Amino acid sequence: MKNKYQFDNRKYVLGGIICAVFLLYVGQLFLLQVANSDYKTFADSNAFFKKIIYPSRGLIYDRNGKLIVYNQPTYDIMVVMREINDLDTLDFCRTIGIDKQRFIDRMAEIKDRNKNPGYSSYTPQLFYTQLTPQEYGVLQEKLYRYSGFSIRSRSQRDYDRHAGALLLGYVGEVSKKGLEEDDYYVQGDYTGITGIEKSYEKHLRGEKGCEILLRDAHGRIMASYENGIHDVAPVFGKNLDLSIDIELQEYGELLMQNKVGSIVAIEPSTGEILAMVSSPSYDPAMLVGKQRGTNHKALEQDPYKPLFSRPLMATYPPGSTFKTAQALTYLQEGAIRPESSFPCYHGYPPLGGRPACHSHGSPLALVPAIATSCNAYFCFGLRNLLDDRSIYPTIHEAFDVWKDHMVDMGFGYPLGVDLPNEKRGLIPNSKFYSKRYGENGWRAHTIISIAIGQGEILVTPVQLANLCATIANRGHYYVPHVVRKIQHDELDSIYTHAHHVGIDKKHYETIVEGMERAVLGGTARGTQLDGIAVCGKTGTAENPHGRDHSIFMSFAPKDDPKIAIAVIVENAGFGATFAVPISSLIMEKYLTGKISDRRKYVEDRILNTKILPTNVKNK
């Protein structure tokens, strides 16, 4: 009986072992053929060659239909490691123009899974990029000698105009982070790195296609699989129409040659950016092709930072241009009335004439205070708002109301421009000063410099241009943007809806009158244009690192605004010296199409003047 039980036990054990082995094999087959796609990829690669077809990126035009960015053919060399056989390495290197060591290093990089996470010896890997059509022709004739190597066609950017590099941006190889974030890309793909190319990447890039080809037993391409019925055609990227007037952009860059600064011009009725000049800049063609890396390094090392987009990323004290925003806040909160007059004896009397002021009559009301840029007037206004307890019970509440008005006008946070890396600037709140001076240790006189756009206040050039557009519109703005139309698509609603800033329209009329008076007989007299009513406000931003910055904002015509401009020229002194004439030339060029003979001398002076900071050091 005992032997019978022992036999039965052995039978069950043996059966269990057989079942376990069977399940193990079934599980392994499941993992290989279902759960893990590598096996299928390896098997398919023996019979099929899946050739990726890259779409052409969308074209870019200016607001008048002029072509700015287009595509030129270029070619990449691909390699399937397992298919390399009897390669004459020296002959291959001579054909494509590299040395043997570079060949060895590149092959090692491809096989390094840390540098190339998607590596497989069965699938095509990128070996060499951006062959010109001439180089492609030479290689194509000898390609049959180099088993395992193939050519993939694609396109690269080219430029019909050589302006607007920083707003257009450039295209480069996708990063490791980009590969992880978007499965559209594979190693060696290209993507928008900066500017419009980055912001509108998903519109511009299109959709890849795929051609499935049959191989023979030796891995050679024989024919299309099932006559191509499984192939997928690429979808070309969408074209973009910019709001930029490329001729105005070119003219702005010409005026800013040998100067450091920005020009931002906006169409007030739409928020469309007509020109966005960052100086110094560079030819966008420099960052295309094999020399891109060398050129990019040289631009990075340039002490004047031509890769730095000043209209969006540079921040400055706005100086006296900020008095317009101050006046609107004072009027809305009842701290002053248009007829309110304050004394000025070449400065703010309660602080012994500090900050100092220009020579003009005293006392004066709001309109002449804007026209003559009276510092004392706006210091009195800030004191009334912050220290008069009949307006707000505490300075903290009053100051935070002031801060909220500034934010509503577009300061202190990014506006949402459709370009990357826009900075926010700085508008402090009451906690900022309470932390610095103590809860009850500050009042209007403590922070009086913000009344004239100095102190802690920082704005970007695009924010300043947006303020000017808001004044031109008498109380509302559209978020500034550089793309006017996307092929077969609509703009984001953020760019088509008006933002009302919460200031009564009647107050804007007072500010507009003051800005017009500034042009007719005040600090901005150099902006006058024949037959066009221009409104403007000068500013001089104090610069602790050198000469002050020249600032000016203006719009025209007064009653039907077509253009609002902000100009900042670093280290150029008073606003009237350089920012005013540059603004007037841009305005005249846009509104009339030319510079009148009587103002040619102004243009010549700007074109022939060099203003570069003397304290810039090489890296």
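In this predicted model, Asn421 is found in the loop between helix H16 (395-408) and helix H17 (430-437), and this residue has a positive phi of about 70 degrees although it is not a glycine. Elsewhere, 5 strands form an open antiparallel sheet, on which helix H18 (residues 461-472) packs.

**The open sheet and its helices**

- The strand order of the sheet is E12-E11-E18-E17-E16, with antiparallel pairing, and its edges are formed by strand E12 (272-279) and strand E16 (535-541), each of which pairs on one side only.
- From one strand to the next, the twist of this sheet averages 5 degrees.
- Within the sheet, strand E11 (residues 261-267) is paired with strand E18 (residues 563-569) over 6 bridges in the antiparallel sense, and the bridge partner in E18 of Ser262 is Ile568.
- Strands of a sheet pair, in general, through backbone hydrogen bonds, and the arrangement may be parallel or antiparallel.
- Helix H18 touches E11, E12, E18 and strand E17 (549-556) as it packs on the sheet, and its direction makes about 30 degrees with that of E17.
- Helix H19 (residues 505-521) lies across E16 and E17, and it runs at about 75 degrees to E16.

**Mostly covered elements**

- Helix H10 (residues 246-255) is mostly covered, with 7 of its 10 residues buried; these are Ile246, Leu248, Gln249, Tyr251, Gly252, Glu253 and Leu255.
- E3 and E4 run antiparallel and are joined by 4 bridges, and Met78 stands opposite Leu126 in E4.

- The C-alpha atoms of Glu513 and Leu491 are separated by 35 Å, the two residues being 22 residues apart along the chain.

**Backbone details in loops**

- A cis peptide bond, with omega of about 0 degrees, joins Ser279 and Pro280, and Pro280 is found in the loop between E12 and helix H11 (292-301).
- The peptide bond from Ala556 to Pro557 is cis as well, with omega near -15 degrees, and Pro557 has its place in the loop between E17 and E18.
- Lys305, found in the loop between H11 and helix H12 (310-313), has a positive phi of about 55 degrees although it is not a glycine.
- At 44% relative accessibility, Lys305 is counted as partly exposed, and Asn421, with a relative accessible area of 45%, is partly exposed too.

Note on methods
Residues numbered from 1 in each chain as written. Predicted model: local features only at pLDDT ≥ 70, side-chain atom pairs only at ≥ 80, totals over all residues. Heavy atoms only, no water. Pairing = 2+ DSSP bridges. Helix = DSSP H or I, 4+ residues; strand = E, 2+ residues; numbered from the N terminus. Axes fitted to C-alpha atoms, helices over the stretch in contact; angles between N-to-C directions. Contact = heavy atoms within 4.5 Å. Buried < 20%, exposed > 50% of the residue type's maximum accessible area, 1.4 Å probe, protein only.
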